[in-house]
Amino acid sequence: MGTLTSENRSEAMENRIESAKRIAYRFRQNPLSLAGLAIILGLVFIAVFAPYIARHPQDAGYMGEPAVDFANRFAEPSWEHPFGTDQAGRDILSRVIFGTRYSLVLGVFVLTFAIGIGVPVGLVAGYVGGALGTLLMRITDVFLSVPPLVLALAVAVPLQPSLRNAMIAIAIVWWPWYARLVYGEVVSVREEQFVEASRGIGASRIRIMFREILPNVLAPITVKFSLDMGYAILIGAGLGFLGLGAQPPTPEWGTMISEGRVYLPAQWWYSTFPGLAIFIAVLGFNLLGDGLRDVFDVEVK
Amino acid sequence: MRTQDTDTSSASTASSGETVTNDTASDPHLEEDPVLKVRDLKKYYPITGGLFKTKVGEVKAVDGVSFDVRRGETYAIVGESGCGKTTLGKTIARLHAPTSGTVEFDGTDISSLGERELKPIRREIQVVYQDPTSSLNPRKRIKDIVAEPLIVHDIGSKAERSERVKSLLKRVDLPVDFLYRYPNELSGGQKQRVAIARALTLNPTLLVLDEPTSALDVSVQAKVIALLEELQRDLNLSYLLITHDLSLTKNIADRIGVMYLGKFMERANAAELFRSPQNPYTEQLLSAIPIVEQSEAELKPEKIQIRGETPDPSDPPSGCSFHPRCHRAIDACSSDEPSLVDVGADHDSRCLLHGDGDDSSDT
Amino acid sequence: MSDPLLEISDLHVDFNTYDGRSKVINGVDLHVDEGETVAIVGESGCGKSVTAETIMSMLPQPPGEITGGELRYRGEELLGDPPAHKRVKAESMGMIFQDPMTSLSPVFTVGEMMRDVLTYNGKTEVGWLELGKSVLGRRGADEKAMRERSIELLDRLQIPDPEGVLDRYPVELSGGMRQRVLIAMALLGEPEFLIADEPTTALDVTVQDQLIELLREQIDREGLSMLYITHNLGVARRIADRIYVMYAGEIAEVGTRDEILDEPLHPYSRGLIDSIPKLTAFQREGIDGLLPDYTEPPQGCRFHPRCPAAMDGVCDGEKPPLYEPADGHQVACYLYDDQMNAQDALEVAQTEIEFEGGSLDHPEVSSSLGDETAAESADRTEMNEPTSGQTDGGNR
């Protein structure tokens with residue numbers, strides 16, 4: 001029986017590989033989503049290997065405080081400094097490269113927190129329902145009724161401005177979106193007969209929610225995660241721009257734009273290149289999210 | 001199923017000593033020591049409306065149903081959509097809580113048990129649903145689906161569970177290499193076999209079969225039915241078969257209850273029901289059976305001109321609920337409510353034409 | 001015999017999928033004579049709906065692709081001539097769909113939809129002017145005539161209170177009533193040819209019975225021809241003059257209703273009929289196996305891997321031709337040949353086709369069945385003992 005089982009396993013593996021190929025096929029149907037994937041992989045690569053890619057890692061605060069070189073301030077883009085230098089003579093390209101780290105970390109932290117809170121809330125509200133469900137969803141609605149950036153500002157202002165507090169502020173803004181998404185999905189999955197069948201077996205509510213229903217709502221969560229990474233980065237940069245996020249001289253993109261703003265338009269490169277970086281990151285996550293949406297065939301707002 | 005008759009009769013002889021003290025002895029439908037004893041079961045759904053969701057009415061989905069399922073028999077509930085047969089099955093399996101009435105399983109009234117006390121009962125009563133595509137979780141492998149009841153009831157070690165799942169797959173004639181597949185990699189018939197295997201995992205006594213074959217292709221149905229019959233014989237299962245397919249019940253059911261708008265219109269053993277249907281509704285159902293072979297024509301009643309459709313269950317007709325569609329209706333039918341009247345051995349029917357229900361066996 | 005009203009010859013339809021090219025329709029020949037009702041029966045995925053879609057020029061292309069064959073209506077070839085196809089469809093054909101809930105628009109009343117059908121009926125192109133006129137409101141006389149015509153049709157389909165129904169939305173009607181409205185709409189344009197795709201599948205037997213009756217009446221009254229697609233052989237018996245049995249994109253057998261249902265020749269027809277629980281008996285064998293993969297269909301007869309009478313080296317060679325043992329009764333199976341007459345063919349069918357475990361015993365003969373069952377279950381216990389993990393409680 002043992003060998004038979006391992007054969008079954010390998011056949012099952014083949015099935016998995018086959019279905020992975022199928023997904024890849026559908027993903028490939030849309031070249032833009034491939035471009036998105038390439039952008040994201042590129043960003044991750046840059047973030048991981050930033051110290052080796054950047055020519056002046058010390059300018060971005062690598063292994064210590066960001067270096068200064070006033071002799072070289074506001075150098076125009078050149079071979080030595082392709083994105084130019086800032087008011088302290090630091091290489092902007094190196095700083096943009098290191099900025100990738102902050103933005104990705106911010107996005108991942110915010111969304112992990114948002115999913116960690118929002119998904120259980122949506123599951124409970126959707127499956128248990130009743131007064132508890134109504135209460136949870138009304139709380140969610142209160143959060144959703146305020147524009148995200150405004151709410152994030154309201155949370156961030158009383159806190160000490162820092163990258164960490166900005167992340168907390170955004171996460172608090174974000175979870176209701178997941179609660180709402182999951183709630184909607186759960187309400188439809190709840191009616192499927194396998195949920196009733198599981199109840200008929202005697203399974204507990206917790207088990208039904210997490211073992212039966214949750215796996216069926218993972219696809220839309222994944223798609224939303226990808227789409228939201230871009231927005232989270234955008235809002236993080238927004239807070240940085242308003243001085244409520246990472247503080248100078250941290251090489252965070254929003255903060256850098258904010259700093260460079262006063263030197264516009266003469267030293268145009270200071271704000272432009274971090275702005276472009278934000279643009280590319282947001283675009284990449286959106287394209288990928290669209291592609292995933294097609295692959296999983298789900299509707300996500 | 002039909003072959004089970006001998007077993008059942010011997011079982012009832014064995015317990016015939018109690019017959020005298022048994023208050024249901026006078027009613028041949030209400031057998032002593034049945035596996036399932038349903039008495040005056042009601043399931044009403046409130047209809048809410050208005051701004052504050054106040055109750056404005058109710059749907060009497062199941063409205064006073066009584067019957068017994070004997071050990072090892074197949075009791076079929078037949079009716080059209082909206083007659084309450086699915087609700088009845090789910091209420092008996094305690095997927096819904098009944099509004100009133102009792103459901104006795106093996107002598108225990110399970111109608112008002114809470115979820116915790118129900119758990120051991122859940123091992124005994126299992127449901128097989130109509131559409132396996134919906135009743136199997138698409139994100140779980142077959143092995144996890146079939147093993148789930150064991151995990152939920154914390155039975156056996158991991159290795160024991162895996163052995164049990166394998167033997168169950170064999171029992172329903174599926175190859176063992178389906179263990180690692182997902183439901184969407186299987187055909188409809190194969191999925192239904194998985195659903196049957198899952199229902200068998202805990203060695204149940206009673207299976208509620210809710211249209212177990214109507215979502216399957218014809219050539220697949222036959223084998224699934226044959227499997228269910230074989231399992232019944234081998235494991236001495238009792239079946240509550242819920243279906244709209246009269247031809248199927250003729251072939252596999254021992255006894256049949258015909259339901260209309262939440263009530264039984266007629267109850268009889270299968271052969272009797274087809275030989276001499278007493279209720280006009282049963283006559284209409286039989287006459288509407290689409291026959292395949294010419295030879296079947298003589299086995300069904302003369303063509304009856306049928307009128308209308310099942311009315312809205314939230315607003316059933318007065319008197320006999322079937323009277324607006326009935327080809328035999330008389331004036332009294334719109335005002336007087338008939339009750340079940342004995343019309344033969346092990347056979348009763350709800351119709352005013354049977355005379356007044358003085359000796360009614362209605363419970 | 002005069003020319004048929006509708007004729008399909010050697011139709012091939014492919015679908016392009018991830019797995020490759022699916023040959024979904026593989027050389028289908030079919031005709032519907034004037035005034036005749038023909039049923040195509042087969043299980044899900046056999047290609048019956050694709051055939052209907054091809055006739056109605058509703059085949060989604062891509063992924064579908066008509067790779068060969070002809071479709072003639074009153075002798076006029078339509079597949080190569082889309083404008084003609086459109087015209088013929090608009091002028092002469094009506095379609096009744098399976099699911100009234102999805103084929104009736106939920107936001108219009110029955111009356112509005114019927115009015116639209118009457119307004120645009122028979123037109124392949126509608127000008128902006130006309131569209132604008134109809135949106136802004138119609139002339140009173142037209143309006144009245146249309147309403148009367150709608151009421152007349154609803155009345156003919158025995159819809160109670162037809163005037164009231166005109167002002168109702170589809171959700172306010174019962175399933176049977178919706179299906180009647182759908183039939184009424186198909187008849188509004190006075191077609192001479194109807195295609196019905198499983199119109200009674202979702203309905204209760206008593207309602208189905210009434211609808212089939214009604215449909216028959218309408219057909220007889222107007223002298224229409226109809227192609228009726230169904231998986232329900234009982235329904236086919238009620239409605240059809242002739243029946244095509246379709247399997248895996250090919251015609252397995254064609255004949256009159258009685259020939260197909262009472263004396264089937266093709267092993268597939270036989271298996272299908274035997275699989276249905278009947279009032280007389282129920283053969284529990286079914287048919288082993290599954291529909292083939294259309295991207296790599298079996299060589300020769302597409303049914304041979306599931307066929308109990310398959311002959312090595314014959315059935316897996318060439319696709320079987322249609323033999324015709326009786327006039328009009330054709331069967332695509334190598335069990336038969338051109339020399340056979342109806343009697344011979346029937347004998348062959350009875351002796352050669354036996355599905356697994358195929359006992360011809362009447363299940364009602366329970367006297368002998370008792371022993372048989374005992375023996376059978378003894379076999380089974382033996383077979384299952386070593387593998388059975390349920391040592392305790394297996395038999396309660």
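How many bridges join β6(C) to strand β7 of chain C, and do the two strands run parallel or antiparallel? Four bridges join them, and the strands run parallel. This report describes that pair and several other parts of the structure, which is a predicted model.

## A parallel strand pair in chain C

Strand β6(C) covers residues 93–96, and its partner β7(C) covers residues 193–197.

The residues of β6(C) point in two directions. Met93(C) and Met95(C) point one way, while Gly94(C) and Ile96(C) point the other way. In a regular strand, side chains alternate between the two faces of the sheet. The four residues Met93(C), Gly94(C), Met95(C) and Ile96(C) are all buried.

## An antiparallel sheet in chain B

Chain B has an open sheet of four strands, in the order β2-β1-β4-β5, with antiparallel pairing. Which strands stand at the edges of this sheet? They are β2(B), residues 54–69, and β5(B), residues 108–109. Each has a single partner strand, so one side of each is left without a neighbour in the sheet.

Strand β1(B), residues 36–49, is joined to β2(B) by twelve bridges, and the two run antiparallel. Within this pair, Leu41(B) stands opposite Val65(B) of β2(B). In general, the strands of a sheet pair through backbone hydrogen bonds, in either a parallel or an antiparallel way.

## Where chain B meets chain C

The contact between these chains involves 56 residues from chain B and 57 residues from chain C. About 4900 Å² is buried between chain B and chain C, and carbon and sulfur atoms give 51% of that area.

Two salt bridges are found across the interface of chain B and chain C. A salt bridge joins the side chains of Asp288(C) and Lys223(B), with a distance of 3.5 Å from N to O. There are also 20 residue pairs in polar contact between chain B and chain C. On the side of chain B that touches chain C, the elements giving two or more residues are α6 (158–171), α8 (218–235), α9 (246–252) and α11 (280–287) of chain B. The largest share comes from α8(B), with twelve residues. Sorted by class, this side of chain B has 19 nonpolar, 18 polar and 19 charged residues.

## Where chain A meets chain B

Here 24 residues of chain A are in contact with 32 residues of chain B. The two chains bury about 2500 Å² between them, with 47% of it on carbon and sulfur atoms.

How many salt bridges are there between chain A and chain B? The count is three. Glu212(A) and Lys140(B) form a salt bridge through their side chains, at 2.6 Å from N to O. Polar contacts between chain A and chain B come to 14 residue pairs. On the side of chain A that touches chain B, at least two residues each come from α1 (2–28), α8 (193–201) and α9 (205–241) of chain A. Of these, α8(A) gives the most, with eight residues. The residues on this side of chain A divide into seven nonpolar, eight polar and nine charged.

## Cis peptide bonds in chain A

The bond from Pro248(A) to Pro249(A) is cis, with omega near 10°. Pro249(A) is in the loop between α9 and α10 (253–261) of chain A.

The bond from Leu264(A) to Pro265(A) is also cis, with omega near -5°. Pro265(A) lies in the loop between α10 and α11 (268–296) of chain A.

## Positive phi values in loops

Asp106(B) has phi near 50°, a positive value in a residue other than glycine. Where is Asp106(B) found? Asp106(B) is in the loop between β4 (100–105) and β5 of chain B. Asp106(B) is partly exposed, with a relative accessible area of 39%.

Ser57(C) is another residue other than glycine with a positive phi, near 45°. Ser57(C) is found in the loop between α1 (48–55) and β4 (64–73) of chain C. With 37% relative accessibility, Ser57(C) counts as partly exposed.

Definitions and conventions: Residues are numbered from 1 along each chain as its sequence is written. Chains are lettered from A and ligands numbered from 1 in the order in which they are written. This is a predicted model: local features need pLDDT of at least 70, side-chain atom pairs count only at pLDDT 80 or more; totals for chains, interfaces and linings use all residues. Side-chain values use heavy atoms; hydrogens and water are left out. Buried means under 20% relative accessible area, exposed over 50%, partly exposed in between (1.4 Å probe, protein chains only). Two strands pair if DSSP finds at least two bridges between them. Contact means heavy atoms within 4.5 Å. Buried area is the accessible area (1.4 Å probe) that two parts lose on being put together, summed over both. A salt bridge is a side-chain nitrogen of Lys or Arg within 4 Å of a carboxyl oxygen of Asp or Glu. A polar contact is a pair of N or O atoms within 3.5 Å; within protein, one must be able to donate a hydrogen and the other to accept it, and residues adjacent in sequence count only if both atoms are side-chain atoms. Ala, Val, Leu, Ile, Met, Phe, Trp, Tyr, Cys and Pro count as nonpolar, Asp, Glu, Lys and Arg as charged, and the others, Gly among them, as polar.
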